[in-house]
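Here are some worked exercises to go through with the model open beside you. Try each task before reading its solution.

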There are 2 protein chains.
Amino acid sequence: MKPSIPQGMRDFGAATVRKRHFIFATIRNIFENYGFQPLETPAMETLETLMGKYGEEGDKLIFKVLNNGLNDPKNTAKATAAFENILHGKNDRHLTERALRYDLTIPFARYVAMNYGQLSFPFKRYQIQPVWRADRPQRGRYREFYQCDADVVGSYSLLNEVELAALYADVFKRLSIEVEIKINNRKILAALAEICGGSDSLVDITVAIDKLDKIGLTKVKEELSERGLNMEQVGIIEQYLSIAGSNEEKIAQVKALLGNNEWGKKGIEELEYMINFLPPSVNEQLITDFTLARGLNYYTGTIFEVKAKGVQMGSIGGGGRYDDLTGLFGVPNLPGVGISFGVDRIYDVMEELQLFPADIATGTRVLFFNLGEAESKVAFALMQQLRSNNIPAELYAETAKFDKQFKYAEKKNIPFVVIIGSKEMEAKTCVIKSLQTGVQQTIPQEELTDFKFTV
Amino acid sequence: MKPSIPQGMRDFGAATVRKRHFIFATIRNIFENYGFQPLETPAMETLETLMGKYGEEGDKLIFKVLNNGLNDPKNTAKATAAFENILHGKNDRHLTERALRYDLTIPFARYVAMNYGQLSFPFKRYQIQPVWRADRPQRGRYREFYQCDADVVGSYSLLNEVELAALYADVFKRLSIEVEIKINNRKILAALAEICGGSDSLVDITVAIDKLDKIGLTKVKEELSERGLNMEQVGIIEQYLSIAGSNEEKIAQVKALLGNNEWGKKGIEELEYMINFLPPSVNEQLITDFTLARGLNYYTGTIFEVKAKGVQMGSIGGGGRYDDLTGLFGVPNLPGVGISFGVDRIYDVMEELQLFPADIATGTRVLFFNLGEAESKVAFALMQQLRSNNIPAELYAETAKFDKQFKYAEKKNIPFVVIIGSKEMEAKTCVIKSLQTGVQQTIPQEELTDFKFTV
């Protein structure tokens, strides 16, 4: 049998795992510094928990898990009826009652609703786990990928938005990625919609605005007219979309346009609060962008999107404020604000801009040569000392010729070899050779633990 | 809708995640120090990769993933035929072609076979990922749990066994768990089988021996007689099972019993090599145990099992040498040796013996009180300094009464609060209060970053 791997899924070898873990560890560290607490939920949720939460298209992309024991005669009748339902696009717990998580937000909401009485609010959690989607695989889109989320729930305070903007800045600074943190506020978009045809047109307007980058202003205006907006309304939207300048200038323009609307006033106030609170080190990266809409319907206040500078790549982070995390699970009116990091894209950005630390892919640092049983015993004892000092080391597994052992070191990118032959045994020394520089030196064995194996 | 979680699966809250990560990080660190390289494989494998690898019982416990798009008319006919097959216990790729991994060994074997040409051997990999089994849930048995494996493949050298024994010792020393590392060799069991009725009886004998702990010697002897062994043969097995004493004494006894058999000789030699090579610090924990059999059929040489001392608990680690990792995937004769760690049980042992570091569950270390907008801006700036020194800190999200903010700190087990009111603003000081000792002190704001927030 020729082995293969399911479409849209990936194996990660050592170098890739190390780089990915570097990203995860950095984000995790900053999450912890900001007082977020880790949560891990199971890969599977009940089908009931997941279905109907992601729209009709989302539902189709959920991976469902087949019940076990279907060939047990006592299950057959029910399973057959269930199968008929499945064929008609209806789920049936006699065939499938579990599914793989599709994102981290719904499992988080389910967790908060289930444990509401035990949690203390505001509740700040982070979660870094894989999700699965039966999307058609394509470049940069996988069926298994990690999400990386931080949310604060149970607080309306704008300080949370301030914190999350600062958190974004800290993470990307630590990763050496220069970014623009775009912010907008859904209340400003709501004001625009209210002025241009009532709040019912909010979805139409955000959908059209979302396309601005792709289709350009003329087409957006055409589309808005087709959706029934009159000349004046389209004119206001055009004015809105052409707002430009520094954050201050943009805010002045949006105030002139929407500042008399109640929603507009509130949204602008919220934006200004954030900008006024944040220190210059964060504000430098903050871009007020009134064309930012974010697809998800549940956002109600501040929205975020992060783009890397100097590289062609979609957003590497996003999020926003919502009013009701857990209503669908019986706990209404729990507001929150959250952000997420797009780890696959962050990885690609860091590869493209060569931002990973140089020594990140180094595994084993020292290879001890194996030149006989007595020699390898001495080598083993010395190696154990290095290992207990957290220097990854290996002893070549067989007694073999120099040549073969050097080749092993080269193939595995091991930067140093330590050689202990009969001569060194007698003199209680060892030879250290750097494979990068070719430099070779002999030192007493007892000084080996003080040697700096730096690359 | 009342939310729930699938049977046999678990949410992990902050304290548990932190403790589990402590275990993972410790094992990962030692794996790296020993020159093992990380590998991550996808949660799903093709059904073909998994089926038929774990015996008939295992096959039944594999979670299969339903294909998407079954209600698409163009799929219906094939899906219906496929469903008939499923009802008869046969898999059919028109209904399910993917499944969740059941262990880490088969995905590893699949990976090695797929990438054989690119890997350099001996190949040392470790893998720490969850697996899924549709087992009936019970105390200590879950449907989702982590496995944690290290394997060396492509080397017959016994140095690998030596390394893995030392690795076990290092990990458990680092976790402060006192252990017995039991070792035996399948070749010795093979010798016993050969002497007692031909190698065909190896399975009968190991099955019977495996039950010794549970049913006692008399019953084991009865069972062996029932399986057709004669008095003399049962007598030899009784002698074998009563071997006792120090490692040296046990080896002397097994030599007398099986030392003339070719398999016996080889197996004893291998055991002796390990014991002679390992330093006393590891040998102290090494227990030669000839009653150790390990269920899995593919082991062919050294076998390991680790038990924690001072606690009633099944094995917390196990492994052994095998001859053929990848034969089923078209790459024959690739030998290897591997061990695994039982993370759930290690967690339980550490809880029971209170071995987790005291500060492991501490999340946020400092809560800055929020006493107004101007005050909170000053607090925010100071807090950012602490965070950049890796001290997890929070600013209370709303301006609120002292009482409320103290309660939040207490509920979240935050050990220190920092208070900056109008008086402190003016004097450029801050009040630090330890909630553990009640001690309160006022220091200049500029000295806050030097303060030791130790618990």
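**Exercise 1: A buried asparagine**

A:N185 counts as buried, at 1% relative accessibility (buried means under 20% relative accessible area, exposed over 50% and partly exposed in between, with a 1.4 Å probe and protein chains only). Before going on, note that this is a predicted model, in which local features need pLDDT of at least 70 and side-chain atom pairs count only at pLDDT 80 or more, while totals for chains, interfaces and linings use all residues. Residues are numbered from 1 along each chain as its sequence is written, chains are lettered from A and ligands numbered from 1 in the order in which they are written, and side-chain values use heavy atoms, with hydrogens and water left out.

*Task.* Find the strand that holds A:N185, and say which side chain makes a polar contact with the side chain of A:N185.

*Solution.* 
- Step 1. Strand β7 of chain A, residues 179-185, contains A:N185. Strands (E, at least two residues) and helices (H or I, at least four) are DSSP runs, numbered from the N terminus.
- Step 2. The side chain of A:E270 is the partner, at 2.8 Å. A polar contact is a pair of N or O atoms within 3.5 Å; within protein, one must be able to donate a hydrogen and the other to accept it, and residues adjacent in sequence count only if both atoms are side-chain atoms.
- Step 3. Neighbours within four places in sequence aside, A:N185 is in contact with residues including A:E270, A:L271, A:T300 and A:I303. Contact means heavy atoms within 4.5 Å.

**Exercise 2: Two annotated positions**

*Task.* Which residues of chain A does UniProt place in the feature "binding site"? Then describe the surroundings of A:Q147 and A:Y299.

*Solution.* 
- Step 1. The unreviewed UniProt entry gives A:D103, A:L104, A:T105, A:R133, A:Q147, A:D151, A:R294, A:Y298 and A:Y299. UniProt positions are given in the numbering used here, feature names are shortened, and annotations may be inferred rather than shown by experiment.
- Step 2. A:Q147 belongs to strand β6 (residues 144-153) of chain A and is buried, at 15% relative accessibility.
- Step 3. With residues up to four places away in sequence not counted, A:Q147 touches A:D103, A:L104 and A:R133, among others. A polar atom of the A:Q147 side chain lies 3.1 Å from the backbone nitrogen of A:L104.
- Step 4. A:Y299 lies in strand β9 (residues 299-308) of chain A and is buried too, with a relative accessible area of 8%. Under that sequence cut-off of four places, the residues that A:Y299 touches include A:R186, A:R294 and A:Y322.

**Exercise 3: Strand β4 and its partners**

*Task.* Is strand β4 of chain A largely enclosed or left open? Which residues stand opposite A:A99?

*Solution.* 
- Step 1. Four of the five residues of β4 (96-100) of chain A are buried, so this strand is largely enclosed by the rest of the structure.
- Step 2. Strand β2 (residues 44-46) of chain A runs antiparallel to β4(A), joined by three bridges; two strands pair if DSSP finds at least two bridges between them. Here A:E45 stands opposite A:A99.
- Step 3. Strand β3 (residues 64-66) of chain A also pairs with β4(A) in the antiparallel sense, over three bridges. In this pairing A:K64 has A:A99 as its bridge partner.

**Exercise 4: A sheet in chain B**

*Task.* Give the strand order of the open sheet of eight strands in chain B, and say which strands stand at its edges.

*Solution.* 
- Step 1. The order is β1-β5-β6-β11-β10-β9-β7-β8, with mixed pairing.
- Step 2. The edges are β1 (37-38) and β8 (286-288) of chain B; each has a single partner strand, so one side of each is left without a neighbour in the sheet.
- Step 3. Inside this order, β7 (residues 179-185) and β9 (residues 299-308) of chain B pair in the antiparallel sense over seven bridges, and B:V179 has B:A308 as its bridge partner.

**Exercise 5: Relating the chains**

*Solution.*
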